[in-house]
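User: I am new to this structure. Please walk me through it in short questions and answers.

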Protein chains: 2
Amino acid sequence: MIKDPRREKELQKLVKRLGLLDTKKVNWSLLNLALTHPSISQTENYQQLEFVGDAVLRLASAEVLYNTYKTESVGEFAAIRSILVSDRTLVQFADYYEIEEYLIMKESTAKHKIGRNSRLADAFEAILGALYLSTNSMELIKPWFAPILKKKSTEIRQDPTRHNYKDALQAWTQGNYKELPIYQTQTISNSQDDHNSFISEVWFQKKKLGTGIGKTKKEAEQGAAKEAFLLINQDSI
Amino acid sequence: MIKDPRREKELQKLVKRLGLLDTKKVNWSLLNLALTHPSISQTENYQQLEFVGDAVLRLASAEVLYNTYKTESVGEFAAIRSILVSDRTLVQFADYYEIEEYLIMKESTAKHKIGRNSRLADAFEAILGALYLSTNSMELIKPWFAPILKKKSTEIRQDPTRHNYKDALQAWTQGNYKELPIYQTQTISNSQDDHNSFISEVWFQKKKLGTGIGKTKKEAEQGAAKEAFLLINQDSI
């Protein structure tokens with residue numbers, strides 16, 4: 001399917017690296033397209049496959065979360081998934097599989113370091129799209145990718161320093177608007193027991209999205225982020 | 001799996017109505033859960049299945065669009081999909097299959113007419129989730145649902161009165177924020193040929209998201225909506 005036999009060999013190496021044992025069903029032209037940046041061609045590039053792959057990623061993540069943490073709330077599902085599907089996580093996956101080696105793009109684009117993360121995240125999603133469309137099923141994806149999603153979601157949940165909702169909110173605002181939420185946190189003096197409490201408000205685009213109260217600044221901000229995150233996700237989950 | 005044999009019979013009727021010939025693989029408890037509103041139980045309800053079903057819907061839509069309109073831009077894919085996955089469309093599907101008949105909820109909830117659309121859209125997504133999780137694949141979904149998505153996307157594309165990007169933008173702002181975008185449209189007098197042109201700006205949450213120019217007010221607003229829609233989708237597609 002691909003004219004250049006060297007390219008097909010390269011892509012076979014990548015597919016083996018992903019851990020796919022049976023490579024007969026891979027559509028090599030689609031996989032090649034998944035690794036073709038828009039700087040090469042305005043029409044023959046990874047964008048459509050990325051569109052499909054984004055949906056593949058979301059479903060694979062939802063399935064792993066449902067099967068692994070059946071007793072968790074949907075809010076927790078949404079919080080973990082928003083980290084799983086964030087560019088930051090996708091770049092980690094892409095780097096693990098050394099996707100950059102296989103991505104064809106103009107030299108001037110490759111020099112543009114600031115776009116590296118989104119290129120790699122896009123290409124990684126496009127690979128998922130190409131593998132899905134190779135069989136019109138999850139057959140070539142779940143065997144290697146579900147364990148990775150499961151491991152990553154365990155990592156996210158177990159991380160003692162994880163600021164779940166703050167991270168999730170930030171991933172959402174950056175993903176959609178390339179802007180950070182703003183926290184305004186104040187001390188509330190408590191005459192009853194000498195301990196101070198904190199109240200935090202989180203603002204985004206001039207709108208207050210949530211308020212939290214806690215014994216530490218961190219706890220108050222987490223509370224505010226949680227309220228905000230649940231608010232913005234109440235219709236989209 | 002379900003204790004009440006009458007309920008299982010009812011659900012079998014629904015599954016046949018969907019057009020599924022082979023019902024042996026359906027997980028009836030999951031399907032029952034998909035049709036249990038949160039007013040019945042805070043934990044045993046359709047919310048988790050809806051979370052999975054939302055992702056099923058997005059992937060099924062992406063696949064249909066990819067297979068049907070391969071030469072279209074990703075922006076057009078995103079515009080059509082945002083209508084396909086909107087509550088308005090989901091309620092049409094739900095009504096076609098008379099989902100309301102099968103949805104178990106508190107009487108006080110059922111009386112709350114204003115929540116009807118979101119209940120039905122949620123339950124419809126949850127049914128997709130339950131069918132997906134019955135086999136951990138699209139096997140019980142694609143045979144009946146892909147043709148429906150294809151028919152609906154053809155309808156959306158062929159509708160001569162369709163205001164594609166305006167609808168898509170509105171579906172997005174309402175879905176995420178329950179607010180409408182605001183269009184500010186003015187006449188530009190054109191001394192050269194006596195014809196007036198129009199310039200339209202679309203605003204959302206105090207931010208200008210797009211500008212369009214056209215020979216009619218409608219055309220100018222469509223242009224503004226298109227710019228806005230592509231802007232908000234550039235990272236999320």
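**Around a helix of chain B**

Analyst: This is a predicted model. Helix α5(B) has buried residues, and their cover includes α3 (47-68), α4 (74-84), α7 (116-135) and α8 (142-158) of chain B.

User: Which residues in helix α5 (residues 87-96) of chain B are buried?

Analyst: Buried means under 20% relative accessible area. Several residues of the helix fall in that class. In α5 of chain B they are Thr89(B), Leu90(B), Val91(B), Phe93(B) and Ala94(B).

User: Which residue with a positive phi follows α5(B)?

Analyst: Phi near 50° is found after the helix α5(B). The residue there is Glu98(B).

User: What is the phi of Glu98(A), and where does that residue sit?

Analyst: Glu98(A) is not a glycine, yet its phi is positive, at about 55°. Its relative accessible area is 38%, so Glu98(A) counts as partly exposed. Glu98(A) belongs to the loop between α5 (87-96) and α6 (107-110) of chain A.

User: Is Asn136(A) buried or partly exposed?

Analyst: Asn136(A) is in the loop between α7 (116-135) and α8 (142-158) of chain A. Its phi is positive, near 50°, and Asn136(A) is a residue other than glycine. The relative accessibility of Asn136(A) is 31%, so the class is partly exposed.

**How the two chains relate**

User: What rotation superposes chain B on chain A?

Analyst: The superposition has an RMSD of 0.1 Å. The shift along the axis is 0.0 Å, and the rotation is 180°. That is therefore the relation of a two-fold axis.

User: Which residue of chain B comes closest to the rotation axis?

Analyst: The distance is taken at the C-alpha, and it is 3.3 Å. The residue of chain B is Ala55(B).

User: How much area is buried between chain B and chain A?

Analyst: 42 residues of chain B are in contact with 43 residues of chain A. Carbon and sulfur atoms give 56% of the area buried between the chains. That area is about 3,700 Å².

User: Which three residues supply more than any other three of the area that chain B buries against chain A?

Analyst: Together the three give 21% of what chain B buries against chain A. They are Gln48(B), Phe51(B) and Tyr66(B).

**Chain A as a whole**

User: How many helices and strands does chain A have?

Analyst: Along the sequence the pattern is α-α-α-α-α-α-α-α-α-β-β-β-α. The C-alpha atoms of chain A fill a box of roughly 75 × 40 × 30 Å along the principal axes. The secondary structure comes to ten helices and three strands.

User: What share of the residues in chain A is buried?

Analyst: Chain A still exposes about 11,900 Å², with 50% of it supplied by carbon and sulfur atoms. The chain has 237 residues, and the buried share is 51%.

User: How far apart are the centres of the positive and negative side chains of chain A?

Analyst: Chain A has 33 positive and 30 negative side chains. The centres of the two sets lie 3 Å apart.

User: Is Arg7(A) buried or exposed?

Analyst: Arg7(A) is in helix α1 (residues 5-18) of chain A. Beyond four places in sequence, Arg7(A) is in contact with residues including Asn32(A), Leu35(A) and Tyr102(A). Tyr102(A) is 95 residues away in sequence, but 8.9 Å away in space, C-alpha to C-alpha. At 8% relative accessibility, Arg7(A) is buried.

User: What is the relative accessible area of Ala126(A)?

Analyst: Ala126(A) is part of helix α7 of chain A. Leaving aside neighbours within four places in sequence, Ala126(A) is in contact with Ala34(A), Tyr46(A), Leu49(A) and Glu50(A). Ala126(A) is buried, and the relative accessible area is 0%.

User: How far from Phe204(A) is Glu50(A), C-alpha to C-alpha?

Analyst: Phe204(A) is in strand β2 (residues 197-204) of chain A. It is buried, with a relative accessible area of 5%. Beyond four places in sequence, the contacts of Phe204(A) include Trp172(A), Tyr177(A) and Leu209(A). Glu50(A) is 154 residues away along the chain, and the C-alpha separation is 28 Å.

Notes:
Residues numbered from 1 in each chain as written. Chains lettered and ligands numbered in written order. Predicted model: local features only at pLDDT ≥ 70, side-chain atom pairs only at ≥ 80, totals over all residues. Heavy atoms only, no water. Least-squares fit on C-alpha atoms with pLDDT ≥ 70 in both. Helix = DSSP H or I, 4+ residues; strand = E, 2+ residues; numbered from the N terminus. Buried < 20%, exposed > 50% of the residue type's maximum accessible area, 1.4 Å probe, protein only. Areas by Shrake-Rupley, 256 points an atom, 1.4 Å probe, with all protein chains shown as cover. Lys, Arg positive; Asp, Glu negative; His and termini not counted. Charge placed at Lys NZ, Arg CZ, Asp CG, Glu CD. Contact = heavy atoms within 4.5 Å. Buried area = accessible area lost by both parts, 1.4 Å probe.
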